[in-house]
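Let's take a walk through this protein together, one piece at a time. Have the sequence and the 3D view ready, and we will begin with a single side chain before stepping back.

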Amino acid sequence: MATDAPPPSKAEPHFPTTEEFVEVQESAEFGELRRAHRSFAFPLTIGFISWYLLYVLLSIYADDFMGTKLFGNFNVAFVLGLAQFLTTFLIAWWYERHSSSKLDPKAEAIKSRMEGGA
């Protein structure tokens, strides 16, 4: 069924120019967002990689220690291996909380300004 009415007009989305992207990248607000991300992500990454490498090195060089029975058939290696999974999930959960509370509001403000909403 054809109608004579024109289709609803949608406002053209604002596509930022290269200069606008560079301006935002050099802004203090964007620098604060990057610092907030880096100050959380870098130390946590270094800590987790160190913890993982410690587990690998203990598995290679400390057979007696890793084979120590703790309870039943569970030894130190098994418990530390499960702890690797636990810390992975804890880090992901912690990052999500940090991102939601600290990073997302700042990123949303920058995005809305870039898209012409603010």
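Does Gln84 count as buried or exposed, and what is its relative accessibility? Please keep in mind as you look that this is a predicted model. Gln84 has a relative accessibility of 8%, and because buried means under 20%, Gln84 counts as buried. You will find Gln84 in helix α4. If we set aside residues up to four places away in sequence, Gln84 touches Phe48, Trp51, Tyr52 and Tyr55.

Now let's step back to the whole chain. The protein chain holds four helices and two strands. Reading from the N terminus, the order of the elements is α-α-α-β-β-α. The chain has 118 residues, and buried residues make up 18% of them, with Gln84 being one that counts as buried.

Helix α2 covers residues 28–61, and helix α4 covers residues 76–114. The angle between α2 and α4 is about 175°, and their axes are 10 Å apart. Angles over 145 degrees count as roughly antiparallel, so α2 and α4 are roughly antiparallel to each other. Sorted by class, the residues of the contact of α2 with α4 comprise 20 nonpolar, six polar and four charged.

Leu33 is found in helix α2, and with a relative accessible area of 14% Leu33 is buried. Leaving out residues up to four places away in sequence, Leu33 touches Leu103, Lys106, Ala107 and Ile110. Leu33 also shows how sequence and space can part ways: Leu33 and Lys102 are 69 residues apart in sequence, yet 8.4 Å apart in space from C-alpha to C-alpha. Glu32 lies in helix α2 as well. Glu32 counts as partly exposed, at 41% relative accessibility. The C-alpha atoms of Glu32 and Lys106 are separated by 8.6 Å, while along the chain these two residues are 74 residues apart.

Helix α4 has another packing partner, helix α1, which spans residues 18–25. Helices α1 and α4 pack at an angle of about 155°, and their axes are 11 Å apart. That angle makes α1 roughly antiparallel to α4. The crossing of these two helices, α1 and α4, is right-handed. Which residues meet there? On the α1 side they are Glu20, Phe21 and Val24, and on the α4 side they are Ile110, Arg113 and Met114. By class, this contact of α1 with α4 has four nonpolar, no polar and two charged residues.

Arg113 is found in helix α4, and with a relative accessible area of 35% Arg113 is partly exposed. What does the side chain of Arg113 make a polar contact with? The partner is the side chain of Glu29, at 2.3 Å.

One last stop in helix α4 is Ser99. Ser99 counts as buried, at 12% relative accessibility. Not counting residues up to four places away in sequence, Ser99 touches Asp104 and Pro105.

Helix α4 is roughly antiparallel to α2, and α1 is roughly antiparallel to α4. Along helix α4 you can pick out Gln84, Ser99 and Arg113. Of these, Gln84 counts as buried, Ser99 counts as buried, and Arg113 is partly exposed.

How values were computed. Residues are numbered from 1 along each chain as its sequence is written. This is a predicted model: local features need pLDDT of at least 70, side-chain atom pairs count only at pLDDT 80 or more; totals for chains, interfaces and linings use all residues. Side-chain values use heavy atoms; hydrogens and water are left out. Axes are lines fitted to C-alpha atoms, for helices over the stretch in contact, and angles run from 0 to 180 degrees between N-to-C directions. Angles under 35 degrees count as roughly parallel, over 145 as roughly antiparallel, 65 to 115 as roughly perpendicular and the rest as oblique. A crossing is left-handed if the near helix is turned anticlockwise from the far one by less than a right angle, and right-handed if clockwise. Contact means heavy atoms within 4.5 Å. Ala, Val, Leu, Ile, Met, Phe, Trp, Tyr, Cys and Pro count as nonpolar, Asp, Glu, Lys and Arg as charged, and the others, Gly among them, as polar. Buried means under 20% relative accessible area, exposed over 50%, partly exposed in between (1.4 Å probe, protein chains only). A polar contact is a pair of N or O atoms within 3.5 Å; within protein, one must be able to donate a hydrogen and the other to accept it, and residues adjacent in sequence count only if both atoms are side-chain atoms.
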